[in-house]
Amino acid sequence: MNTFDLSIVLSGQYHEWLVSGFLLSIQLALITLVIALPLAIILAVLRLAPYAPLRGISITYVEAIRNVPLLAHMLFWYFGAPELLPPPIKSWIYQHNIEAVSAVIALVLYTAAYMAEDIRSGLRAIPKEQMEAGRTLGFGFISTMRLVILPQSLRVTVPPLISQTLNLWKNTSIAMVIGVGEMMYQAQQVESATFRGFESFAVTTAGYISVSIVITLLSSWYQQRYPVRSA
Amino acid sequence: MLDIIQTYGLYYLIGQYPNGPLGGLLMTLILAASALVLAFPVGVLLALCRISPFAILRVPVTGIVYVLRGTPLLMVIFWAYFLLPTLTGQRTDQFGTMLAALVIFDGVYLAEIIRAGILGLPRGQMESSRSLGFSYLSSMLLVILPQAFRNMLPSLVNQFVSTIKETSLGYIISLSEVSFVASQISAQLPTKPLQIYALLGLTYFVMCFSLSRFAYWLEKHLAVRSAKV
């Protein structure tokens with residue numbers, strides 16, 4: 001067996017593969033975060049809406065998504081869903097970057113379901129008199145939510161949302177199953193090209209953990225800087 | 001969809017068994033159950049180290065827990081895939097690889113659940129048991145853990161749900177669990193990926209949703225009982 005030699009993955013072509021994978025993983029996570037967060041807020045507000053059908057939509061969405069593994073979501077959006085599209089659009093999509101698009105769709109839907117639950121429990125932590133007071137003063141449900149409830153719930157909601165972001169970061173690795181060239185995929189490519197599995201996986205693990213540590217530090221910084229105020 | 005179930009239903013449920021290796025849905029359940037059962041002692045051990053008064057146990061285990069929680073499961077699977085044959089000196093099959101990865105990964109998450117369960121009990125339990133002459137270890141095993149276990153049950157069922165979802169990653173190392181079997185069926189029926197993957201999603205949903213409802217019921221039921229005591 002070869003000796004452990006990191007130089008092969010710390011410079012040259014294979015290093016570039018891993019770095020491009022790392023950057024793509026970060027892009028996937030950021031794009032997903034930007035789309036999933038507003039979707040999650042909408043779902044959480046729907047869950048507390050005064051109309052039962054709206055609440056039903058939100059509950060169904062969250063339960064249906066959370067109880068299916070991300071891998072099955074990815075397979076569905078990559079292999080299954082394009083079949084529904086009319087042939088011209090389908091062939092157009094296949095000429096473009098369908099892997100990354102499917103991965104982002106799956107990640108957005110999955111992450112939004114988890115984030116919606118975190119936001120909802122944050123909203124519920126605000127005493128309901130706040131909503132009643134807002135409504136009494138003449139604000140509508142949406143305006144009260146936006147101007148009174150959501151800003152107050154931030155302190156409770158942000159820490160679990162940050163740890164959800166950590167999960168999102170780890171979940172981007174699953175995109176490799178549909179051939180997205182993110183970090184895990186590149187690690188495997190480097191391994192099969194060089195038979196240097198240990199080196200390639202060591203560097204990749206370090207990549208995942210370093211971003212995870214940054215996210216964890218961000219969370220503890222936030223909790224120290226903006227502690228939850230008791231009402 | 002019905003004709004797919006009629007033709008491939010049995011293959012989907014149990015793989016090629018009895019004419020070949022076991023697979024499909026049954027494989028998913030066996031894998032998830034054995035991973036959780038084997039991960040439990042690992043979790044207890046890690047939890048005891050994490051709350052231990054000795055820094056020599058606490059610090060390294062806390063480090064391991066943080067590192068593993070910052071790593072994707074896929075990474076752990078790949079490490080198991082490479083490390084196991086090197087460490088044991090013989091080829092490990094996909095089931096063994098996946099099981100090892102899941103036991104380590106779940107052990108870490110279980111450790112946090114168990115730690116919370118132990119810390120959630122009043123200190124008086126440990127103190128009174130120690131003053132009755134039990135050693136630290138026997139108090140833990142006979143007094144603390146059985147009580148903590150009851151409080152942990154809902155979280156354990158939820159962890160089982162997570163484990164079932166995690167077994168789907170066996171797909172990547174060609175372990176013939178239900179996701180992989182679905183992709184095999186899809187390869188034989190190239191015109192019907194939509195139905196097959198929708199069926200796969202539905203299968204997971206039925207299993208996981210009913211289990212998480214059970215966890216929710218358990219939580220309410222146990223809360224009522226402990227309020228009476």
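**Exercise 1. Determine how many residues the largest nonpolar core has and which residues have the most contacts inside it.**

Solution. The largest nonpolar core holds 119 residues, and Met74(A) and Ile77(B) have the most contacts inside it. Such a core is a set of buried Ala, Val, Leu, Ile, Met, Phe, Trp, Tyr and Cys residues joined through C-beta atoms within 7 Å. A residue is buried if 20 or more other C-beta atoms lie within 10 Å of its own, exposed if 12 or fewer, and partly exposed in between, with C-beta atoms placed from the backbone. Helix H5 (residues 94–119) of chain B gives the largest share of this core, 15 residues. Helices are DSSP runs of H or I with at least four residues, strands are E runs of at least two, and both are numbered from the N terminus.

This is a predicted model, in which local features need pLDDT of at least 70, side-chain atom pairs count only at pLDDT 80 or more, and totals for chains, interfaces and linings use all residues. Residues are numbered from 1 along each chain as its sequence is written, and chains are lettered from A and ligands numbered from 1 in the order in which they are written.

**Exercise 2. List the residues that Ile77(B) touches, not counting residues up to four places away in sequence.**

Solution. Contact requires C-beta atoms, placed from the backbone, within 7 Å. With that criterion, Ile77(B) touches Thr97(B), Met98(B), Ala101(B), Leu169(B), Ile172(B) and Ile173(B).

**Exercise 3. Describe the side of chain B that touches chain A.**

Solution. First, 28 residues of chain B contact 27 residues of chain A. Next, H4 (73–88), H8 (178–188) and H9 (193–228) of chain B each supply at least two residues of that side. H9(B) gives the largest share, 11 residues.

**Exercise 4. Compare the end-to-end distance of helix H8 (residues 141–171) of chain A with that of a straight helix, and locate its bend.**

Solution. H8(A) has 31 residues. The expected span is 1.5 Å times one less than the number of residues, and a straight helix would reach 45 Å. The end C-alpha atoms are only 35 Å apart. H8(A) bends by about 55° at Leu154(A), the bend being the angle between axes fitted to the seven residues ending there and the seven starting there. Buried residues of H8(A) include Ser153(A) and Thr157(A). The buried residues pack against H2, H4 (70–80), H6 (98–124), H7 (128–136) and H10 (197–225) of chain A.

**Exercise 5. Is Ser11(A) buried or exposed?**

Solution. Ser11(A) lies in the loop between H1 (7–10) and H2 (12–47) of chain A. Ser11(A) counts as exposed because it has 10 C-beta neighbours inside 10 Å.

Notes: Contact = placed C-beta atoms within 7 Å.
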